[in-house]
Structures are given as C-alpha cells and as structure tokens.
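Open the model in your viewer and keep the selection tool at hand. The stops below say what to select next and what is there.

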Amino acid sequence: MFWSKRGKGARRSDTGRNALVPIPLTGGLLSGQVQDGEGRPLAGAQVSVLDRASTRIVNADTDPFGYFTAALVPGEYRVRAEAGGYRGNGTTVEVEWGKHAEVGALTLAPDQSLTPPPPGVYDIDADHSSIRFIARHIGMSRVYGRFNRFRGQIRIAEPFEDSAVDIVIDAVSVDTNVEARDTHLRSPDFLDVERFPQLRFSSTRFRRGPGNRWFVDGDLTLHGLTSDVQLDVTFLGMEEWNGRRAGAVASAELHREHFTLNWQQMVNRGVPVVGSTIEINLDVQAVLQG
C-alpha cells in the first residue's frame, strides 16, 4: 500500500489552540510538515489532499518552514507530499468536526536517479533548448520573447562545486513575434546590437540545493556591462537519445537598470511602458562529448 494509516508522529488535537489558522465552524483543520531524510524542512514541496473518491480537494505548497495547513469538512483524507529530487510520501488521516488533525512530519527520501550527471563536457543542443524572457508591458500584460541563436557548454566536474557553464547569445536573434517591437529591442534604447552583438553568461560558482535543485552564480554581460546573476536550476535527469543527454530548466531575474537599459517612456500616471524586471527562463538539453 502506498498510503499508511497515519505517519509517524500523527496525532489529533481536541482544541484549536495550536492550530495555524482558526478551525472553521462547520469543519476541522489539517496540518503537517514536510521534511527531508535529515529532518530539515522542505519549503515549496507540493501537498495534495484527496477525499475518499480520490478527488483532489487541496493542492498547495509548503511554506518556508515546510508546513502546510488546510481547512476541510469532516471525513477521511489521503495526504501526499512531493518535491523535486525526492520520492513522494503520504499518509491517511481523519478530520473531525471542530478538531485539529496533525499528520506530523512527512519525510521524503532522495530520488537517487537525479544525482548530478557524470563528470565531463556537455555541449548545449540549441535545436532542443530554448532561452526565453518575460517582460511586463504598461504594468498589465506580459510580453514573451526568445533568443533564437545561442551556443554553450557545461563542464561537470568532480567535486560538483568545481563545475562551470558558459553561454553566448546572438543579440540580433531576439524575437517577440512582433517585427516593430523586435526592431526597437535591437536599437540603442535596449540591446544596441550594432555595438554589443552578443550576450554572455559565465558561471563563477555551482552549488547543490535540496533534491534536484542547483544554484549557479555567474556574470552576465549585456549592453557592454557585466552584472552578477544567479540561476535557479532544476536538474531533470539523464536520457539516451543521439548521445547521452542531461536535461535542466533554469530561471533568473534581471533588472534592466543594472545594464543601463534605462528607456523610461511613460504612459498616464507615470506607469513605465516596459517594467524594470525581466524574467529569464532556460530549457536545456546538453550532450555529453566523447
């Protein structure tokens, strides 16, 4: 059975004095914590609560201390916790009217299939990778774009912390699917591709996070200036297809003022046409070289 009747430490409290939120008048309260095998809280773990008909009633993420809370109508529920790089775990608990049901700690064991890739040099496969960005327009809608031409290499070392990555992007390949906007982005107001034809990212430090997360610090050179950037990376594992491949997704947040991209055309009430924060998302396949 995947579900145990109650996880270690599960208990019920007859009062709501220790509850994280008030107990509803017509139901009960459910709470617990998600931890790793060493007892450390797992923030951002996904918690699902299902009823007897296997209908998902709650789908929530744990807080920075690994806790979750849900107000529910009385009944029996299955609780399952999952996090990237870990095997899921769950328990069954009864929620009673006017009471606080605590499932205790749900411990997630590491998924050994998502250990770092073997040491070696990996070339980024641009045909099966993407570099995309999201910018806010007049404080309302989002504008989505991408760079169509780039190249890069990842060097996985032993120890892992000595690994490195380098990426070069052709600035002129910026593409938001609107020709007039792309022309403006290539102009001196933004990327100034005539003077600065390339964007470059070179890592300065690799760190392993919880589960299959990595943190890669590095220097991004854009518009002739260099600023430090951190990539939040999720490793997706290894696959065999036209070579041995490593997969990962990564994200970062840029502030265009750091690169003197200070074009500040305003609309009514001083709202900037283009927001100052730009979200970068990478989806990467890299092939191990012989």
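How many salt bridges does the count come to by the rule used here? The count comes to 13, where a salt bridge is a side-chain nitrogen of Lys or Arg within 4 Å of a carboxyl oxygen of Asp or Glu. Some of them are visited below.

This is a predicted model, in which local features need pLDDT of at least 70 and side-chain atom pairs count only at pLDDT 80 or more, while totals for chains, interfaces and linings use all residues. Residues are numbered from 1 along each chain as its sequence is written, and side-chain values use heavy atoms, with hydrogens and water left out.

**Whole chain**

Show the protein chain as a cartoon. One helix and 19 strands are present; helices (H or I, at least four residues) and strands (E, at least two) are DSSP runs, numbered from the N terminus. Of the 290 residues, 43% are buried. Buried means under 20% relative accessible area, exposed over 50%, and partly exposed in between, with a 1.4 Å probe and protein chains only.

**The cores**

Select Phe147, Ile154, Leu231 and Leu282. These have the most contacts inside the largest nonpolar core, which has 40 residues. Such a core is a set of buried Ala, Val, Leu, Ile, Met, Phe, Trp, Tyr and Cys residues joined through side-chain atoms within 4.5 Å. Stay on leucine 282: leaving out residues up to four places away in sequence, Leu282 touches Ser130, Ile131, Ile167, Leu231, Ala248, Val249 and Ala250. A contact means heavy atoms within 4.5 Å. Next, select Leu30, Val47, Ala70 and Leu72, which are included in a second, separate core of 21 residues.

**Charged pairs**

Side chains of opposite charge can pair when their charged atoms come close. Select arginine 80 and glutamate 82, whose side chains meet in a salt bridge (3.1 Å, N to O). Arginine 80 is partly exposed at 22% relative accessible area, and glutamate 82 is partly exposed at 33%. Arginine 40 meets aspartate 36 at 2.8 Å, N to O, and in its salt bridge with glutamate 38 the closest N and O atoms are 3.4 Å apart. Which of these residues is buried, with 6% relative accessibility? Aspartate 36 is, whereas arginine 40 is partly exposed at 47% and glutamate 38 is exposed at 62%.

**Loops**

Select asparagine 212, in the loop between strand 15 (198–208) and strand 16 (213–222). Asparagine 212 counts as buried because its relative accessible area is 5%. Leaving out residues up to four places away in sequence, Asn212 touches Gly84, Gly85, Leu114, Val233, Thr234 and Phe235.

Go on to proline 159, in the loop between strand 12 (150–156) and strand 13 (164–170). A cis peptide bond joins glutamate 158 to proline 159, with omega about 10 degrees.

Last, select two residues with positive phi. Aspartate 192, in the loop between helix 1 (179–186) and strand 15, is not a glycine, yet has phi near 50 degrees; aspartate 192 is buried at 6% relative accessibility. Histidine 223, in the loop between strand 16 and strand 17 (225–240), has a positive phi of about 60 degrees and is buried at 13% relative accessibility.
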